[in-house]
Amino acid sequence: MDKKTILVVGAHMDDCEIGAGGLIIKAVRKGHRVVLVNVATDYSTWSTTKGREEEIKAKVLNKAKEMKVEKRLLGYGYQSVIFNLESLKKMAEIILDVRPDITLFHNRFEREPSDHAVVGEITQHAVFSANQLLGGKHISYGMEMYSYEVYPKYPFQPDTYIDISDVIKETVETIDYFGREIYAGSPSAKSCAVIQSKININYLENKEISLWHYGETKLALSLYRGAQCGVRFAEAYTAMNKKVLGKRLLQEIVED
Ligand SMILES: [Zn+2]
């Protein structure tokens, strides 16, 4: 199939990878273009990253380079992203510039941290209303939209599953990078990510690995979503525009 562009928008540095890491890795392997947007990237506004801003930025961008994805940092403060005309226009400009075929963003029910819900709302509205937001230009990009899940404690009713069994190790290790390289160096690490687990399962090549809690949660959630759809590990999505359900470009782009 033609090479497609997938836009994944997340509030924080690792949200895109947590929510859609398996899909991202599979899409890149198939030669598709993947653009990740991180909205709240003023690292001086979060105690976990304050004082290490340049180091964090370099690590975030280096990881993106290693993953062969584009990563754009929008510079908003943590817990300071607001649904208003300025943020909507900024997102509409990104959509016009990136020209995605598919857009992925946060589950709108993830209200803690509130950046997640707000960024989801901004992205969906900007895709739908890019024409009006940018002065009546004819713009129609990224209309196949899905929300992804980061925290499994909020309402989320998936209708689309991606089998990530072949990339589960890479997916979990990608998420774990942020724990090892960024949260671990934080003076407030105890409050945000001290849980480490020793996990030894055959699907991870029978190796024992230590995971920070986001990696561990992803592993468990992928196993659960896989059980729901009949594969070993899966990622779950909710289609925002139900018309796409008959087409499912999202699934086509990762098929063999
Ligand atoms: Zn987040």
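Axes are taken as lines fitted to C-alpha atoms, for helices over the stretch in contact, with angles running from 0 to 180 degrees between N-to-C directions. The model described here is predicted.

The sheet is open and holds seven strands. Their order is E3-E2-E1-E4-E5-E9-E6, and the pairing is mixed. Strands E3 (70-77) and E6 (160-163) stand at the edges. Each has a single partner strand, so one side of each lacks a neighbour in the sheet. On average, neighbouring strands are turned by 25° against each other, direction ignored. At one end of the order, E3 pairs with strand E2 (residues 33-42). This pairing is parallel and spans six bridges. Within it, Leu36 has Lys71 of E3 as its bridge partner.

Two helices were examined against the sheet. Helix H1 (residues 15-29) lies across strands E1 (5-10), E2, E4 (102-106), E5 (144-148), E6 and E9 (234-239). H1 runs at about 165° to E1. Helix H7 (residues 213-229) also packs on the sheet, where it touches E6 and E9. The direction of H7 makes about 70° with that of E9.

H1 also meets helix H5 (residues 168-181). Their axes come within 9 Å and cross at roughly 140°. Angles over 145 degrees would count as roughly antiparallel, and 65 to 115 as roughly perpendicular; H1 is therefore oblique to H5. The crossing is right-handed. On the H1 side, the contact is made by Glu17, Ile18, Gly21, Gly22 and Ile25. H5 contributes Glu170, Thr171, Thr174 and Ile175. By class, this contact has three nonpolar, four polar and two charged residues.

Terms used:
Residues are numbered from 1 along each chain as its sequence is written. This is a predicted model: local features need pLDDT of at least 70, side-chain atom pairs count only at pLDDT 80 or more; totals for chains, interfaces and linings use all residues. Two strands pair if DSSP finds at least two bridges between them. Helices (H or I, at least four residues) and strands (E, at least two) are DSSP runs, numbered from the N terminus. Two residues are in contact if their C-beta atoms, placed from the backbone, lie within 7 Å. Angles under 35 degrees count as roughly parallel, over 145 as roughly antiparallel, 65 to 115 as roughly perpendicular and the rest as oblique. A crossing is left-handed if the near helix is turned anticlockwise from the far one by less than a right angle, and right-handed if clockwise. Ala, Val, Leu, Ile, Met, Phe, Trp, Tyr, Cys and Pro count as nonpolar, Asp, Glu, Lys and Arg as charged, and the others, Gly among them, as polar.
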